[in-house]
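Subject: Structure handover

Hello,

Here is the structure you were going to look at. Please open it alongside this message and go through the notes below with it.

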Amino acid sequence: MSRVRQQPINEMKLTFPSYSENERFARIAVSGFLSQLDPCIDELSDIKTAVSEGVTNAIVHGYRGTVGTVLLQVKIFQGGRIYIKIQDKGCGIENIEQAREPLFTTAPEDDRAGLGFAIMETFMEKVRVKSELGKGTTLVLERTVKSRKSRL
């Protein structure tokens, strides 16, 4: 049985250099784009935190002090389903399962807590990671957002 892919009702795509300052830009851009769904503040805060962790991982761990490009794509589907892709073309992740373990970090010298994946998994319904050494990492975050209007 083939699965029919649903078309997004709206989407955005951004690319930006892997400067740490651009983590804030990514968070604000996602928040502004998702505001059309009229989410509650807590829900939007959770999503912004997950995006912040994903973009920070791309910047700190993917590019490790070098400058590259981060791709951020957000799609909104019927029923408030959101899809967020964060992609880098950095060094890749050697062991994805190990990287997803709480407290594991590849940057202990920067006092990194190693909680990025745990935080993303707490705030999003689905977190998928694909990575290839020397070619980069793609992170996909998914969640359904309920608008405040539908809660009244």
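Predicted model: local features only at pLDDT ≥ 70, side-chain atom pairs only at ≥ 80, totals over all residues.

Ser18
Ser18 sits in the loop that joins β1 (10–17) to α1 (22–34). Its relative accessibility is 5%, and because the cut-off for buried is under 20%, Ser18 counts as buried. Beyond its neighbours within four places in sequence, Ser18 touches Ile59, Tyr63, Thr66, Val67, Gly68 and Val70. Val55 is 37 residues from Ser18 in sequence, yet the two C-alpha atoms are 8.6 Å apart in space.

Glu23
Glu23 belongs to helix α1. With a relative accessible area of 14%, Glu23 is buried. Its side chain makes a polar contact with the side chain of Arg27, at 2.4 Å. Leaving out neighbours within four places in sequence, the contacts of Glu23 are Ser52, Val55, Thr56 and Ile59.

Helix α4
Which residues of helix α4 (residues 116–123) are buried? They are Gly116, Phe117 and Met120. Viewed down the axis of α4, these buried residues fall within an arc of 95°, so they line one face of the helix.

Cysteines
How many disulfides does the structure hold? The count is zero. A disulfide is a covalent bond between the sulfur atoms of two cysteines. As for the cysteines, Cys40 is buried, at a relative accessible area of 17%, while Cys91 is partly exposed, at 27%.

Positive phi angles
Asp38 has a phi of about 55° and lies in the loop between α1 and α2 (41–62). Asp38 is also buried, with a relative accessible area of 17%. Arg64 has a positive phi of about 40°, and its place is in the loop between α2 and β2 (69–77).

Regards

Conventions: Residues numbered from 1 in each chain as written. Heavy atoms only, no water. Helix = DSSP H or I, 4+ residues; strand = E, 2+ residues; numbered from the N terminus. Buried < 20%, exposed > 50% of the residue type's maximum accessible area, 1.4 Å probe, protein only. Contact = heavy atoms within 4.5 Å. Polar contact = N/O pair within 3.5 Å; in protein donor to acceptor, adjacent residues only side chain to side chain. Arc of directions from axis to C-beta. Disulfide = S-S within 2.5 Å.
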